[in-house]
Amino acid sequence: KAAVEPREPAPKAEERQPSSKIKVGRVSVKSAEQVEADDDKVSTGETRHPKAPPADKEKAEEITSEAAPKKPEPVLIAGIKHGHPLNTKKTGVANLHAETTAEAAHLYRQAVTYQRAMKWQEAINAYRKVIKYEPMSAEVYNNIGVCYEKQGSLKMAAKSYEKAISINPRFYRSYNNLGIIYYKLKNFDKARAAYEQALQLNSGNSQSEINLALVYERLRRGGLARRTLERVLANDPENAEAHYNLGRLLEGQGQHEEAITHYRQFLASNPSTYPQLREKVQDRVRTLEEVSNQ
């Protein structure tokens, strides 16, 4: 049972063959990148939807969904709020001094524009120019890490996230993104430590918990993975990603009836999400029902 990454063109996780002959995509760890799309909606005044659909392997985003504030703010660009520069220090937000505010803000907006256009190297170059004005911005280093991850430069991405954390040890988005990188590098012990730290700083975040459950599964700690997913569903009963992953986990443990229940909960979610995955899950449900009736 493999996983597919939602809202991302390419799968992020390796695929495993399920117990039957039908292959199911495995939901994998969500990256910071996917979630920045959610943050972008916040910055434009759109309504956030707290329940995310199933995620394939993790991916990194500049601003993870967990990172979004509870109350939407117009702009989540470092150093800028409501269109005005901020002069905050040691908070992970760019400290744009009066004499350099205009240039630094321009460079930051340019970097964000490049990033949204998927021009990763141009975005990295622009962010590095911002660093010359504000060398202690955790958010800028976090965004650089996202761009490196998109380029496939996972080790450079990890260094950027680690730099962001060294500047602001409470910048939980970078811990989440670092966990994604370690997951991709198959260093599951380090991925576990990164996600657990992210949850210490932002307890109850459903996406980090789902990511952590996937890591537990890779570490052959199925009981912990199951309890983690059940905790997510206790707080968010309609979380499609958690239902899918839990169904997949239970199917692998031979608990077909419970797996079918969670698969159906996944299918009951927004029908416009993950059409290809939905078709595979429907096939899995039919197959498991046939096996149960024999």
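Author: Happy to! E139 and R173 form a salt bridge (a side-chain nitrogen of Lys or Arg within 4 Å of a carboxyl oxygen of Asp or Glu), with 3.7 Å between their closest N and O atoms. Because E139 belongs to helix α4 (residues 138-151) and R173 to helix α6, this pair ties together parts 34 residues apart in sequence; helices here are DSSP runs of H or I with at least four residues. E139 is buried at 5% relative accessible area, and R173 is buried too, at 12% (buried is under 20%, exposed over 50%, partly exposed in between, with a 1.4 Å probe and protein chains only). Keep in mind that the model is predicted: local features need pLDDT of at least 70 and side-chain atom pairs 80 or more, while totals for chains, interfaces and linings use all residues. Numbering starts from 1 along each chain as its sequence is written, and side-chain values use heavy atoms, leaving out hydrogens and water.

R248 and E217 pair as well, at 3.0 Å from N to O. R248 sits in helix α10 (residues 240-252) and E217 in helix α8 (residues 206-218), so distant parts of the chain, 31 residues apart, are linked. Both R248 and E217 are buried.

For E289 and R264, the N to O distance is 2.1 Å. Since E289 is in helix α12 (residues 275-293) and R264 in helix α11 (residues 256-267), the bridge ties together parts 25 residues apart. E289 is partly exposed at 26%, and R264 is partly exposed at 45%.

R226, E230 and E258 join in a network of salt bridges. Across the whole structure, the search finds 10 salt bridges.

Definitions and conventions: Helix = DSSP H or I, 4+ residues; strand = E, 2+ residues; numbered from the N terminus.
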